[in-house]
Every structure is written in structure tokens, then in C-alpha cells.
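Me: I am new to this structure. Could we go through some of its parts together?

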Amino acid sequence: MSEPKSTGEIELLPLLPLRNSVVFPASVVPINVGRARSVRLVEELLGQEKAIVGIVSQRNSEMEEPRFEDLFAIGTLARVVKVIRLGPANYSVVLHGLGRFSLESPASLEPYMKANIRRIQDEGQRDVELDALVASLREGTRQLLERIPNLPRETAGVLDNVREPGPLADLIASNLTTEQAAVGEKQQVLETLDLRLRVKLVLTLVNRQLDRFRVKQEVTAMVADEGQRQREEILRQQLKNIRAELGEEGEEDEIEELRDRVRRAHPPDEVLKAARKQLARMVNMQAQSAEYNVTRTYVEWLADMPWSLVTTDTIDVESTRRCLDEDHFGLEKVKKRIIEYMAVRKLRADKKGPILLFVGPPGVGKTSLGRSIARAMGRRYHRIALGGVRDEAEIRGHRRTYVGALPGRIVQGMKKVGVKNPVIVLDEIDKLGADSHGDPSAALLEVLDPEQNATFQDHYLDLPFDLSQVTFLATANNPDTIPHALWDRMEVIDVSGYTRAEKKSIAREFLCPKQLSSHGLTPDRLEFLDEGLETLIESYTREAGVRGLEREIGSVCRNVAMRLAEGEADISEKTTVAFVEKVLGAPRYMPDLAERTSHAGVATGLAWTPSGGDILFIEATQMSGKGEVKVTGNLKNVMSESAAAAMSFVRSHAKELGLDPEFLKTTDMHLHVPKGGTPKDGPSAGITMFSAIASQLLKAPIKRDVAMTGEITLRGAVLPVGGIKEKLLAAHRAGIKEIVMPKRNEHSLDDVPHDILAQLKVHLVSRVDEVLPLVLEPPGDLSPNSDAAEL
């Protein structure tokens, strides 16, 4: 508290100590006097007109005869208006507060207390802020007066007449009862000389009292609601008894059961209102009518939806890392991004986050990643297969006007898991279709938008359902078929294929134990050796994932299980190369790379497919003719244009290549890409086509262990392409040793596993001129018979 602003004069005044009250300036209050010193003071004041005394409150109300140190330092000067004798040594004194004073020094205790005092004044000037506080205090006090019937009636009138901030605050504080403001709080108001602080203090007391009244009203309303519910229960039971006497008990029991189920689901008020409306309609329907069954089914869906039930998240970064390592081998970058995602969800209070889209070839573990995330979070898991879905109603549901209408797959999934915060995996989101029944991918836009899905409205329920607490994950093989608006709502995580070493580790640690257990075998009966696993990987499967590998391991297990079932005893097999070939037959995939590229005009390229990377061969040949260029192999527009660009570049740079500029006048060229049953497209085979054409015209074979990828322009620039990681993994699987790729794709090498890069020699080129010295072997003669045999 600041130093009091005094008038400068010290006065000697008698003091009248008070136990349980505080007298404020400008207030008129009656005081009962019964203590010896106070009685002597009052008796001396009898007959005196306009006598002035100092009114000071005690620090401890229990003290009978206080000393000076037991009194507060700030008190109120008061004029004695009237003294009324109530009995022997008992008086009632009416006091009129005049102003504040501070105790300077004690004078005497007997026959009554006297002290030297100094009058003090209020501090501060009126300004806009103080006027605003005064207006708030006046309005709050009016509200309080409406709720307190026992306040003096004249207080409301005086409230409008007092214009100064200080007296207004004093007036309001003086009229608050001891239950509403303690003596210490009133004394604090009296001691606060700064007008702004005093008004704020009194406003706090008034607002506190208003809050108490609001809480009291809420409690009263709750008690009234409980009483209303009890009354409804009694009336409902009476109605049930009446219906039982009329033989209508069965229908009413069903409706009551539905009503209880809806109430126990704790739905929002809007849903509860809709359910009650339908239940009221059911009361007046015949149970055998079709409308009754439709309405009952609808109410059952409302009762079974998880409107308020949630599971507690147990998000722990270390636990998440452990779950991912237990369920998946490798995929370090994918695991790192998932752990970052979980860490952000742990720190954010609203639990909103990006929707993750796992893109990669089949069999690499995209769907099982979602199951691992649910297990790490302690949430329930649900998978929605979207492959082949072509109807918007599959997502949003059918309207109830249709016979046999049902909610969409989202709402059905929420009902199945039974909580409003599960992990839902939208599997194969790239395989959504569209037809005359609408576009389901457009319906997913609202589902996957965190700003909109809090009020997702299914056509069947026709009521908003909160999906904001659901963790949505999606999987896809081919990102090109996902609409841009849907793609924009998700964060893409590439889940690429596995290397041979990773496949072998996955087979040893996960697939072999799983298949042995599934077929009732033990490692004593069938032991998987590394050489057998390598044979399965290299000669019987050619895939980015491990599904085919798991099937082949299962085939080996079935052979041993069949022999055991036929009664053969003492079986203890080991998966040697010979045993694998005996069980599975001749190898399905042979390392034919050397034979295919041993002639001029054959080049090895790298391609990306939704199933992962792959190698492709491009063959070129020439024959007598009139300059016709033919392209075959089921090529689509972009790839055909790449072939035309490669041919045009060769013709325009014939001299630099050592060719006759007029070579095409008497020669026809034929460019072919084998596996004609598979459609092919994309610009990344540009330098491969150029190399095949140049190799044929120069009669120089291309190195057997070189593969290439890159788009070319007519000016000879090599442009970047996509899918570098998948292409290099495919090259490694095929036994390629050297790679020629665009220099502008150098940053993509960071995504390739280091053990793969260590086994590949990568050449980065920015011009077509740099390609031939890297890929061509020295020119040599080729017999026409060998060319014909190859073609």
C-alpha cells in the first residue's frame, strides 16, 4: 500500500474499537457498545453535540480489551449522531462516517483509548479506465441487488446518486454482509487509498458474490431436473402397469429398452432430441408395420453409435519404436516419420494431426503399419477396404427413404469399434472408382479434412457425428490414380521395396516361424538354411514385397506337413538348394540378363510400376527399306514420343556418332519393347532407347551389367525422372552392376540403402553425349544369324 496522503495536521481523538465490523466514510451505522472502556467513552460523549471519535477495527475479534498494537492502522473518523441507552452499561450509538485517518501514536488507554491521528485523503485522478471500472461496478451491484432481497431498499436509489468513485466503492462495501465479505476484506478496502485499486477490489468482491449466486442457481436447476426425471420414471412405471393390464406390454418394453439404450449412449442434445421424436412416433405405430421396423432400426443405430465413449491414449515414443521394430524389419525412414508423428500427437492438446498415406508396392507392410500404430497408441483398430468401391453411398450411406438403407462404411466401422477415437486404415485408396452413382473419393474429402470432419453427416443418420478424434491412415500402390484434392489432404510416406538382404532377414525372423507355426511344424522337423532362403528369393520370387516369398515358404512347409500326415516318421529336413528345387520344381526366374544383352541393339532400362521397380529390355534392329521407323511393344503415347525423340536425336547427330547422315534413306528401323502384353508408358526410357538405336547402328553391344534411366530432349539434355529408389532396388535384384541416371536425380540416392549403393556403380549424366562412352563395348562384328536368333 502507498504512503497515505495526509492533511499535515495531527489531532488527539478518542478511539472506539470494533470487533466484527468496519465503518466506512459516508455511511451511517448503529453500533452496540458494552465493553468498559467503550462505555466510559460513550457516557462522556452524552450531551455533546457533533462529537467526533475514531472508529478502528480489531485484528482479533476475540480480544475483550484490545491494546493499540491489536488495532488496524487505518480507521474512520465518525460523528456521533445519537446515543441510545439500552440498559445498565449497554448503549447503541449511531455513527456517521466522515473520512479516513491513520494512527500516528498512542496517547492513553484509560479511562478510554486516545491516540494521535492524521486525516488522509483518496489518491488518483479520474480517467477513462476508472470511469469504465465504475460503470462495471455499478452494473454488477445492480445485478447483485436483484438477487439479494435483504439489502436495504434505499441502497438501489443511493447507487444512482453517488457519482464519485471513492464514495461509491465505500458505499457498496459497507452494505455487503459479513458472509459476503469478511472483516479483513472490508478493512483492505478501507486501507486502499488509490481510487482505481479500490474500485477493482470492490468489483472483485461483487463478481465473486455473483458467481456464487450463479452456481447456486445451477445446483437448484440440477436438483429440479433430477426431481423431474424421478417423476417421469414414476409416471412411466404407472403407464407400464396400465399397458400390462391392456395386453400391450411387449411393444412398450421394446420402446423402453430403446429409450434406455439411447440414454446410456450419452449422445449430444440434437441426437437425443431426434431419438425421442422417433420413439414417440413408434408408440403410435403397429409393431407389424414396415415403418415401425424401419424406425426401430434407425433408433438402434443411434443407440449403438459411440457418441461419447473413448479409449485412453498411451502414446509413448519408446513404446512406439519398440512396436514398429517388433512388427517390421527395416523401413527406417518410415519408422522415423511415424515416431515423429506420434511425438507431435503426444504434445498437441487437440490431438489433431496430418493424415498419413503409405504409398508403395504390394507386400511391403503398409496395412500392418496401421495395426502397429494402433497397438502403440492403445487404440482400437479397424480397416476399411476401398478397392473397387464405386458408389458414393458406400462412404456416406443411403438415405432412409430407400428400402434396406444402411449407413456408410465409416459409420459402420465406428459402430463396430465402439469408441470415437479408433485408428482407421483406408486400404487401397488408389483403387476407388467413379460411376453414375457418384464419386466416393469426393465423399472422402470431408472425412479426411481435420477442419470439417468434426461434423461429418452420414445420409442415413442425418445427424452430425464427430470424426475429429479418429486417427485416419491410408494405403495406396499407385499415387497417379488418387485425385489431387484427396492427395492434398494427406502426408505421403513412401514405403519402397525390400533388398535381398532385408528379405532374407524378414524370412528368417518373421515368415519362417509364422509358417512353421501355421503348419504345426517345429524347427526340428524343418530347418530353413540361408542358401535355401536365397534360392527362394532369387529363383522363385521377383517382387518388391514379401507376399510371394511367404507363399513359397508355406509351400515348402506343406510338403513336410503332408509327409508327416501320411505317416512318414523321423522327418528332419533342411532347406538346401536341392530340397527347394525338389519341392517347388525348376526355378521360375533365371538370370538371363547376359544372354539378352549380348548383341548389338539391345539395352537394359529401368522402370517404375505400382508393384515396385523393374527392368525392361529395349531392342532395335535395322533392315533394308525406305526410311520407315516402327515402334512396337504396347507402348502408350508418352513412351512412343520418347522413341521418336531418341530417333530424331540420332539422325540429327549422325556425323558426331560416325554415321552416314543419309543412313535412313535405304534403311528401316524397328524399335521393340518385349512383354507386349503389358502396357508401358512414361518418359524415363529415353536414354535407353537412344542407346539401343545407337548400339544397333554402330554394331557395338551394350555392356551386359549396365542399366539406365532418364528422359531426353531433342537438344540432348537428360532430364530427371521418378522412382529412383525402386529402380535401383530392381537393378540390384537383377544383378546389374552399373547404373546411368540423370545428374539432377543425385539427391534421390540418399533414399537408397547404403548396402545397395555400395554394390552399384552409379554414373550421373546431364547430356546424352556422355551416355555412349559409359555403356558401349568396343565395336565388333555380329553375324546376321545371331541377330535373327535373338529377335
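**Helices and sheet**

Reply: Helix H14 (residues 409-417) lies across E8 and E9 and runs at about 155° to E8. Helices (H or I, at least four residues) and strands (E, at least two) are DSSP runs numbered from the N terminus. Axes are lines fitted to C-alpha atoms, for helices over the stretch in contact, with angles from 0 to 180 degrees between N-to-C directions. This is a predicted model, where local features need pLDDT of at least 70 and side-chain atom pairs pLDDT 80 or more, while totals for chains, interfaces and linings use all residues. Residues are numbered from 1 along each chain as its sequence is written, and side-chain values use heavy atoms, without hydrogens and water.

Me: In what order do the five strands of the open sheet come?
Reply: The order is E8-E9-E12-E7-E13, with parallel pairing; two strands pair if DSSP finds at least two bridges between them. Strands E8 (381-385) and E13 (490-494) stand at the edges with a single partner strand each, so one side of each has no neighbour in the sheet.

Me: How many bridges join E9 to E12?
Reply: Four bridges join E9 (residues 423-427) to E12 (residues 471-476). Val425 stands opposite Leu473 in E12.

Me: New topic: is Thr320 buried or exposed?
Reply: Thr320 has 1% relative accessibility, so Thr320 counts as buried (under 20% relative accessible area; exposed is over 50%, partly exposed in between; 1.4 Å probe, protein chains only).

Me: What does Thr320 contact beyond its neighbours within four places in sequence?
Reply: Thr320 is in contact (heavy atoms within 4.5 Å) with Ile339, Met342 and Ala376.
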